[in-house]
Amino acid sequence: MLTCSMAATLFVKTHQAVSKNEDDNAGIQSADSTVQAAERVGYTVDSLQYSHKLKG
């Protein structure tokens, strides 16, 4: 099972690898920015669901 910390580490490593080459390609840079925004939204939703679960 993939934990949140394992997923976060995987995302960080992936973004570091992509960022090495994204300066040369606007498409890659745009896609990486979009993925990062989606990850933030996913983390926020997960956090809200967990918080709601604790209150319920």
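Predicted model: local features only at pLDDT ≥ 70, side-chain atom pairs only at ≥ 80, totals over all residues.
Good morning. I begin with the largest pocket, which has a volume of about 270 Å³. Among the 11 residues that line this pocket, Ala7, Ala8, Phe11, Glu39 and Tyr43 are the closest to its centre.

Which helices supply the lining of the largest pocket? Both helix 1, covering 4–22, and helix 2, covering 26–55, contribute at least two residues each. Helix 2 gives the most, with 6 residues. Sorted by class, the lining comprises 5 nonpolar, 3 polar and 3 charged residues. As for how such a space is found, rolling a probe the size of a water molecule over the atoms shows where empty space is left.

Let me now turn to the chain as a whole. Its secondary structure amounts to 2 helices and 0 strands. The protein chain has 56 residues, and 7% of them count as buried. Its accessible surface is about 4800 Å², and carbon and sulfur atoms account for 61% of that area.

Is Ile28 buried, partly exposed or exposed? Its relative accessibility is 35%. Buried requires a value under 20%, and exposed a value over 50%. Ile28 therefore counts as partly exposed, at 35% relative accessibility.

What separates the C-alpha atoms of Ile28 and Val18? The two residues are 10 residues apart along the chain, and the separation between their C-alpha atoms is 7.9 Å.

To return to the opening topic, the pocket of about 270 Å³ has a lining to which helix 1 and helix 2 each supply at least two residues. Thank you for your attention.

Definitions and conventions: Residues numbered from 1 in each chain as written. Heavy atoms only, no water. Helix = DSSP H or I, 4+ residues; strand = E, 2+ residues; numbered from the N terminus. Buried < 20%, exposed > 50% of the residue type's maximum accessible area, 1.4 Å probe, protein only. Areas by Shrake-Rupley, 256 points an atom, 1.4 Å probe, with all protein chains shown as cover. 1 Å grid on protein atoms, 1.4 Å probe; cavity = no way out; pocket = protein on both sides within 12 Å on 5 of 7 lines; lining within 4 Å. Points joined across faces, edges and corners; volume = space filled by probe spheres on them. Nonpolar A, V, L, I, M, F, W, Y, C, P; charged D, E, K, R; others polar.
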